[in-house]
Amino acid sequence: MKNGSRLAALGGVVVAGALALSACGSDDNTTATASNAPTGDIDCATGMVNAAGSSAQKNAMDEWVKQYTAKCSGTQLNYNPNGSGAGIKAFTDGQVAFAGSDSVLKPEEVTAAKQRCQGGNAVNLPMVVGPIAVVYNLEGVDGLQLSPETLAGIFTGKIKKWNDQAIAKENAGADLPDGDIKPVYRSDESGTTENFTKYLKATAPDVWTADPAKKWPSIGAGQGAAKSDGVSGQVKSTAGSISYVEMSYAHNLKLQTAKIKNGAGEYVELSADSASKALAGAKQVGTGNDVALELDYATTTPGAYPIVLVTYEIACEKGLPAEQAKFVKSFLSYTSSADGQKVLTSVGYAPVPQEVLSKVQASVKALS
């Protein structure tokens, strides 16, 4: 970072309100320690780039940037967690070097992305598994078990009491209270809501009839709360409540989490390992170096927790200015490495399973 022209050449136009996530830019401002610092060699880049997109991967990006910049002095990555749609637009407009997204490029975005990449392809690279916890507040009832149909019944308001027969049947021996169920949903548009409703639509279509969406649909029951911290706080303070939120928030507030029935008939407890298993059976629908995935929410993989979202890094296969391209390849080589994936569990995510990660690593290696 030597002068203004270098910053412009490497970073593009800085997105308004971009959040600088350099080594001192995350919520946790500790420096890398011997226990979590990268152990392998990194082919470090120099300078600065800007990126933007998914807020679901913000904590992962915070940690990655902290570790990368500790190993590669003199580098800076500014990541603006402004949402997947805004990040993709910033990418196709040439404002950022790569984008984070909770979904792959839509057909109408592919053409703009190809123009951004000077005729090269933009590739979708799954980098983070974000498990969605079903959290609840029910004193004396730990390890609550729920099937997709029962979960859909709760969030449509068809199942109103905690001792409803449907819940009791799935929780033999549990002391279920005769109290009202109080669903809580995200009041703001959210990739978490979109993925949660995708799961409900895929696994309980007779009960959950609404199409998946980032905005909570009209058939949904409950009270809204803004953002993940608002949802988590509402559940923490409201007896009888239930909601859906990223695993990291559930762990941070020590919320009760339900076991969810998968396609194999198992009620599976949420963990980094069980969430990774769900992705292992995902189908690759991208071609060539594009590792776009189609999740199987009805997964029959033993021990797989079925409610997960995948966040991608969307990058040019070729076509970026040389120094930008070198930075992006260097950084994504780290995030897709064993070291990069290892840190995810410490910040509430699950690593990409090796059978998928190997494809991502090959794709990153092909970036030029």
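Reader: What is the relative accessible area of C44, and is the residue buried, partly exposed or exposed?
Author: This is a predicted model, in which local features need pLDDT of at least 70, side-chain atom pairs count only at pLDDT 80 or more, and totals for chains, interfaces and linings use all residues. Numbering starts from 1 along each chain as its sequence is written, and side-chain values use heavy atoms, leaving out hydrogens and water. Buried means under 20% relative accessible area, exposed over 50%, and partly exposed in between (1.4 Å probe, protein chains only). C44, with a relative accessible area of 28%, is therefore partly exposed.

Reader: Which residue does C44 join in a disulfide, and where does that partner lie?
Author: The S to S distance is 1.9 Å, and a disulfide is a pair of cysteine sulfur atoms within 2.5 Å. C44 itself is in the loop between α1 (4–11) and β1 (47–53), 28 residues apart from its partner; helices (H or I, at least four residues) and strands (E, at least two) are DSSP runs, numbered from the N terminus. The partner, in the loop between α2 and β2 (75–80), is C72.

Reader: Why is the disulfide of C44 and C72 assigned its handedness?
Author: The handedness follows from the torsion about the S-S bond. The disulfide is left-handed because this torsion is about -70°.

Reader: How many residues apart are C117 and C316?
Author: These two cysteines form a disulfide with sulfur atoms 2.1 Å apart, and both are buried. Their link is left-handed, with -85° about the S-S bond. C117 is in the loop between α4 (107–116) and β4 (122–136), whereas C316 is in strand β14 (residues 308–316); the separation is 199 residues.
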